[in-house]
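Dear colleague,

Please find the structure below, handed over for your files. My notes on what was found in it follow.

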Amino acid sequence: MNGRQLDRSATGRGGFSGLRAGVRSAAVLAAGLLALTACGGGDTADKGSANGKNDKAAAATRSVEHDAGTAEKVPAQPKRIVSVSVTMTGHLLALDAPVIASQATPPSVITDKQGFFTQWSDAAAKNSVKVAYQGFEPDVEKVLALKPDLIIGASSGAENAEKFYDKLSVVAPTLLYRHDDVSWQDLTTRLGKDLGLEKRAGEVVAAHEKRVGEVKAAINVPKQSAALVRDNQSAMTVFTPESAQGRLLTSLGFTVLEPPAGKGQTQGGRSDFAEFSQEKVADTAKDSSLLFVSHTPEEITAATARPVWKDLAAVKDKRVYDLGLDTFRLDYYSAGNLIDKIEKAFG
């Protein structure tokens with residue numbers, strides 16, 4: 001299964017597959033941790049004697065509540081963050097957080113050649129972020145070898161690391177966050193608070209909101225509602241008004257279509273989208289404009305040529321819009337790209 005297929009499967013067709021069978025033994029992990037602790041302890045003592053108050057501040061720790069529990073001894077000013085969620089990495093880079101390495105996905109049309117999402121791969125290169133490992137199951141030994149003082153991960157989506165939380169926490173304090181049921185702005189604000197980067201988080205959100213205001217004033221929003229959809233060939237995913245994508249479109253003045261009545265198929269307990277039959281979505285969309293999330297132009301053309309879609313008013317009136325390949329997961333970078341798409345289509 002390639003990266004594109006993996007991404008598509010996250011919308012409710014069985015989830016991601018091909019996860020590794022498990023991590024190495026606890027004994028090996030513990031031995032590595034002892035070596036890391038011995039090495040780290042000496043460095044801290046030397047720096048503390050040389051730098052006085054500054055190092056005392058850097059060495060300060062605190063408890064942080066996150067979506068998988070409460071982490072103790074979280075550094076107030078982390079210096080070496082390893083991300084075990086390729087989704088969370090974009091949020092961390094926007095905050096100028098000290099990310100030294102990140103999980104990567106198999107390379108695909110939505111990533112660079114090493115498996116980092118295209119919307120922030122340049123920022124990762126600029127900050128010399130390494131690939132920690134490739135795949136959706138945390139490689140605890142590789143994380144250990146990177147000597148992080150903090151691990152950030154996800155508790156939703158394909159890279160949900162909750163079942164590895166105890167193992168990761170042995171390596172370093174670990175914070176896991178849901179990214180499916182919150183706006184990226186709220187997540188950025190929360191990360192800023194938890195990482196001691198509140199000022200930067202405020203700047204990032206403010207810059208985005210300024211851009212939203214500028215584009216909202218410059219575009220002509222269609223009177224019809226906007227159906228945020230993603231084609232899975234045998235079915236169709238509909239993003240809710242409360243999804244990150246839905247909230248962004250709402251902030252720009254759009255009315256986002258509610259999903260069809262009834263319970264659709266979801267993935268991993270996600271609340272931001274659900275999958276329904278093509279016929280049910282087409283019947284619900286009716287006169288709505290169609291905004292496609294994470295598709296190539298060729299895929300959109302193929303989807304709207306199907307009998308169930310080709311006679312819809314949106315298709316006949318050419319109210320079908322491409323939001324870009326990077327819009328399945330919104331962060332500061334991909335949200336900016338989506339706004340650019342909206343400005344070009346409706347400006």
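How many bridges join strand β8 to strand β11, and do the two run parallel or antiparallel? Strand β8 (residues 226-231) and strand β11 (residues 289-292) are joined by four bridges and run parallel. Within β11, F292 is the residue that stands opposite V229. Please keep in mind throughout that the model is predicted.

The sheet around this pair

Both strands belong to an open sheet of five strands, ordered β10-β9-β8-β11-β12, in which the pairing is mixed. Its edges are β10 (273-277) and β12 (320-322), each of which pairs on one side only. Direction ignored, neighbouring strands here are turned by 35° against each other on average. Helix α11 (residues 278-285) packs on this sheet and touches β8, β9 (235-239), β10 and β11. The direction of α11 makes about 105° with that of β10.

The parallel sheet

A further open sheet, also described as having five strands, has the order β5-β4-β3-β6-β7, with parallel pairing. Here β5 (130-134) and β7 are the edge strands, each pairing on one side only. From one strand to the next the twist averages 20°. Four bridges pair strand β4 (residues 99-104) with β5 in the parallel sense, and A101 has K130 in β5 as its bridge partner. Helix α4 (residues 86-94) lies across β3 (81-83), β4, β6 (150-154) and β7, and runs at about 150° to β4.

Strand β7 spans residues 174-177 and includes T174. Is T174 buried or exposed? Its relative accessible area is 0%, and since the limit for buried is under 20%, T174 is therefore buried. The side chain of T174 has a polar atom 2.9 Å from the backbone oxygen of A172. The backbone oxygen of L168 lies 3.4 Å from a polar atom of the T174 side chain. Leaving out residues up to four places away in sequence, T174 touches H66, A71, I151, Y165, L168 and S169.

The nonpolar cores

Which residues touch the most other members of the largest nonpolar core? They are I152, L175 and I342, in a core of 74 residues. Helix α15 (residues 332-346) gives the most to this core, with six residues. Apart from it lies another core, of 18 residues, which includes L257, A274, A303 and L312. As background, nonpolar side chains tend to be buried together in soluble globular proteins.

L175 has contacts with V64, H66, A71, V74, L150, I151, I152, G153, D194 and L195, again not counting residues up to four places away in sequence.

The protein as a whole

The secondary structure comes to 15 helices and twelve strands. The protein has 347 residues, of which 52% count as buried. Its accessible surface comes to about 15,300 Å², with 52% of that belonging to carbon and sulfur atoms. Among contacts with a separation of 6 or more, residues 24 or more positions apart account for 68%.

Regards

Methods: Residues numbered from 1 in each chain as written. Predicted model: local features only at pLDDT ≥ 70, side-chain atom pairs only at ≥ 80, totals over all residues. Heavy atoms only, no water. Buried < 20%, exposed > 50% of the residue type's maximum accessible area, 1.4 Å probe, protein only. Polar contact = N/O pair within 3.5 Å; in protein donor to acceptor, adjacent residues only side chain to side chain. Contact = heavy atoms within 4.5 Å. Areas by Shrake-Rupley, 256 points an atom, 1.4 Å probe, with all protein chains shown as cover. Core = buried A, V, L, I, M, F, W, Y, C linked by side-chain atoms within 4.5 Å. Pairing = 2+ DSSP bridges. Axes fitted to C-alpha atoms, helices over the stretch in contact; angles between N-to-C directions.
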